[in-house]
Amino acid sequence: MAVAAVCLGCRCCVAGALLCLDAGLPGLLRGLWGLMLLLSVAVYGSHAPLLTLCKVDGTIPFSSSSVVVLVELTKLVLSLFFLLTWDRQLLGVAVSWHHVVPFALSALLYAANNNLVVHMQLFMDPSTYQVLSNLKIVSTALLYSLFLRQRLCMRKWLALFLLMAAGVSYSLGGLQDPQDSSSPSRMQLHITLVGLLLISVYCLISGLSAVYTEAILKTQALPLSLQNLFLYFFGVLLNLIGHFWSSTERGFLEGFSSWVLVIVVSQALNGLIMSVVMKHSSNITRLFVISCSILVNAVLSVMLFNLQLTLLFFVAVLCIGLAVHLYYGVT
């Protein structure tokens, strides 16, 4: 009963938050836009639970770099499919290397960030990473305001800081295992000086890659599917190089299961959705989508793993609700 109530409350909160993002669109497009954003929230929120379902004896049995390569390859194939089916009349558009090269830097930034996530956790515990990685909300907003010249008023800055507070609150202990005697209040965070430097670089690159990609997508007069084709071509190339550079004796598809395939497909679809968001909306919308995914993550964790919600979860939900109200003027 409690889980059902939480599910209903979370769905209403997510739907209400996302529908306010597209208030200026016509009826049908507004519905499609809202549906697309809800799907993105579901994918973001289900990623961690899906990874847990993939574990064998408590460990991930597959190569994370293999998954990244397959996700990029799936996005590349889907982009080509959309280009050939929806934008075929634009295939004759003039394209020069000036259009293509910028996406190499974008793919390089994303690849660097993916590798940083792995390596920097050698210098901090997972809880510290979860808490401090929320700083990328502020770094993205700062770079968005600076490079895209989008001035944000004090009210909107407060909303973004509330989003960061929601992420920190949830990371500190929004969920708890009832069989675990330790409580969120006793959580001890650990990070080295090198870890602090790496998490700072990670948040900077995370914001820079997102804002830079948004700038390219919006300034080029090319169909999005063609832009995605350029971006994911470099994504596949760079991640393949990274995979074989750091590969072990484990096979490329070793340890894969049906859950891994679900992750690959869902992450690929979400990547394409985020490109639409950055092309036609902004990275701020993306930040709200990611924050709302906390609600989906919590519901799935309660239903699948019998975890319990704590006071910090409800603090996070309150912060998200206030942030939506402040930024988008929800009444």
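**Briefing: helix packing and loop contacts in a predicted chain**

The chain has 12 helices and 2 strands, where helices (H or I, at least four residues) and strands (E, at least two) are DSSP runs numbered from the N terminus. This is a predicted model, in which local features need pLDDT of at least 70 and side-chain atom pairs count only at pLDDT 80 or more, while totals for chains, interfaces and linings use all residues. Residues are numbered from 1 along each chain as its sequence is written, and side-chain values use heavy atoms, with hydrogens and water left out.

**Overall organisation**

- From the N terminus on, the order of elements is α-α-α-α-α-α-α-β-α-α-α-α-β-α.
- Of the 331 residues, 44% count as buried; buried means under 20% relative accessible area, exposed over 50%, and partly exposed in between (1.4 Å probe, protein chains only).
- Among contacts in the chain with a separation of 6 or more, 85% are accounted for by residues 24 or more positions apart; a contact means heavy atoms within 4.5 Å.

**Annotated transmembrane regions**

- The unreviewed UniProt entry carries the annotation "transmembrane region" for residues 66-84, 90-112, 157-173, 193-217, 229-246, 258-277, 284-305 and 311-330. UniProt positions are given in the numbering used here, feature names are shortened, and annotations may be inferred rather than shown by experiment.
- In the model, residues 193-217 are 100% helix and 0% strand, with the end C-alpha atoms 36 Å apart.
- Residues 258-277 are likewise 100% helix and 0% strand, and their end C-alpha atoms are 29 Å apart.

- Helix H4 (residues 97-120) has 24 residues and should span 34 Å at 1.5 Å a residue; its end C-alpha atoms are 35 Å apart, which agrees. The expected span is 1.5 Å times one less than the number of residues.
- The buried residues in H4 are Pro-102, Phe-103, Ser-106, Ala-107, Leu-109, Ala-111, Asn-113, Leu-116 and Met-120.
- The cover over these buried residues includes helix H5 (126-132), helix H8 (193-219) and helix H9 (224-245).
- Ser-106 is located in H4 and counts as buried because its relative accessibility is 0%.
- Not counting residues up to four places away in sequence, Ser-106 touches Ser-209, Tyr-212, Thr-213, Ile-216 and Leu-231.

**Helix pairs**

- Two packed helices are described by the angle between their axes and the distance between the axes. Axes are lines fitted to C-alpha atoms, for helices over the stretch in contact, and angles run from 0 to 180 degrees between N-to-C directions.
- Angles under 35 degrees count as roughly parallel, over 145 as roughly antiparallel, 65 to 115 as roughly perpendicular and the rest as oblique.
- Helix H6 (residues 136-147) packs with helix H7 (residues 154-173) at an angle of about 155°, the axes being 9 Å apart; the two are therefore roughly antiparallel.
- Ile-137, Val-138, Ala-141, Leu-142 and Ser-145 of H6 meet Trp-157, Leu-160, Phe-161, Leu-163 and Met-164 of H7. This contact of H6 with H7 has 9 nonpolar, 1 polar and no charged residues.
- For these classes, Ala, Val, Leu, Ile, Met, Phe, Trp, Tyr, Cys and Pro count as nonpolar, Asp, Glu, Lys and Arg as charged, and the others, Gly among them, as polar.
- Helix H10 (residues 258-280) and helix H11 (residues 283-305) have axes 8 Å apart and an angle of about 140°, and they are therefore oblique to each other.
- Met-274, Val-277 and Met-278 of H10 make the contact with Asn-283, Thr-285, Arg-286 and Val-289 of H11. The residues of this contact divide into 4 nonpolar, 2 polar and 1 charged.

- Pro-61 and Arg-250 are 189 residues apart in sequence, with a C-alpha to C-alpha distance of 9.6 Å.
- Leaving aside neighbours within four places in sequence, Pro-61 is in contact with Cys-54, Lys-55, Val-56, Arg-250, Glu-254 and Gly-255.
- Phe-62 is buried, with a relative accessible area of 6%.
- The C-alpha atoms of Phe-62 and Arg-250 are separated by 8.1 Å, although the two residues are 188 residues apart along the chain.
- Beyond neighbours within four places in sequence, the contacts of Phe-62 are Leu-51, Cys-54, Val-67, Arg-250, Glu-254, Gly-255, Phe-256 and Val-260.

**Positive phi values**

- Most residues other than glycine have a negative phi.
- Asp-57, in the loop between H2 and H3, has a positive phi of about 55° although it is not a glycine. Asp-57 is exposed, with a relative accessible area of 77%.
- Asn-306, in the loop between H11 and strand E2 (308-309), has a positive phi near 55° and is not a glycine. Asn-306 is exposed, with a relative accessible area of 57%.
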